[in-house]
Amino acid sequence: MSSKKTTIHDIAEKLGITASTVSRALNNNPRISEATKKTVLQMANDLNYQPNNLAAALRKGKSQLIGIVVPRINRSFFSAVVRGIEEVANTLDYRVVVSQSSETVENEIAAVNALLNARVDGIIASLVGEKPEDYVHYENVAKKGVPLVLFDRTTNEIGTSQVVIDDYLGAYMATEHLIEQGCKKIVHFTHHRRVNIYKERYRGYFEALKNYDIAFDESLVCEGNMQLEDGRNAIEQLLKAGKEFDAVFSASDYAVMGAMQVLKEKKKKIPEEVALVGFSNEPFTSFTDPPLTTVNQFPIEIGQAAAELFFEILNSKKEKLIPQKTVLQPELIVRASSLKKGN
């Protein structure tokens, strides 16, 4: 069975017309009659013709594709952001190509290079790196004049437009809520890497304690990868060490879910003995027992805003654009896991 791809020359030979006529018909050229277009399209379908999008992109200067790079596609936050981008892109006859970095700079570099080789018209990305040397590949994207928009995990090192939520405010509201419930010994789960979003969430936690005259206890700050197992391990270690705490504010819903599992195994009452608050509003948070208080990041809106910024850059006639930063406001969703006072 032949694996040779059908070309416009094959279609032309079958129909006894020129390849240029076939090309014009496939591209809906008004100079070609409707009858000829219909005949060409039918033969293209019969021969299983697949257009060479890369060649077409080189000819037109546009591929109608947006490259998206995310740390993990299996997180509802990132998949919802992609959905938001698609909602805007599809209305403008653009499609997205999604690649994940799996939390490594090496994979991120490979993903960016692959997207550039595929001639995407631009890239929307959430970063993995945390040091200036981790951003060289994105700096090269910007230098090539390829539109670049960052979201969620961003940096000011590159000088490109970005979309974020106010992570500081979200963390401050979460910690303040726990304090208002009477909590004074609040554990904080944060990421061991110094990624911007986690630094800002830590800052919100720290400032809320300070503003309410609650002593900061560094031993209650637990660093990890923000996965379920990290939350389990952190709580187990705190309990084993005999640390007193009456609440947990986690920069991740997954980590606080791990904490919830251990606390229930140890017969600790939630929220009476330990109140819990997460961050991200993952779908499972409304189905836990008790339902989990969390901070809503509005991922679909982040995606829409990122796409709007992207097209603004793409369609701008200015040679140099001033980078824009869109900051969305978070929302604290209060559920039973933190309501010590039964509000």
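How much area is buried between domain 2 and domain 3, and what percentage of that area do carbon and sulfur atoms give? The structure is a predicted model, in which local features need pLDDT of at least 70 and side-chain atom pairs count only at pLDDT 80 or more, while totals for chains, interfaces and linings use all residues. Residues are numbered from 1 along each chain as its sequence is written, and side-chain values use heavy atoms, with hydrogens and water left out.

The domain assignment (bounds from an automatic or database assignment) gives domain 1 (8-51), domain 2 (60-165 + 299-329) and domain 3 (167-297). The C-alpha centres of domain 2 and domain 3 lie 30 Å apart, and their contact (heavy atoms within 4.5 Å) takes 15 residues from domain 2 and 17 residues from domain 3. Between these two domains about 1400 Å² is buried, 41% of it given by carbon and sulfur atoms; buried area is the accessible area (1.4 Å probe) that two parts lose on being put together, summed over both. On the domain 2 side, Arg 75, Glu 130 and Ile 165 lose the most area to domain 3, together 40% of what that side buries.

The axes (lines fitted to C-alpha atoms over the stretch in contact, with angles from 0 to 180 degrees between N-to-C directions) of helix H10 (residues 228-240) and helix H11 (residues 253-265) come within 6 Å and cross at roughly 45 degrees.

Notes. Helix = DSSP H or I, 4+ residues; strand = E, 2+ residues; numbered from the N terminus.
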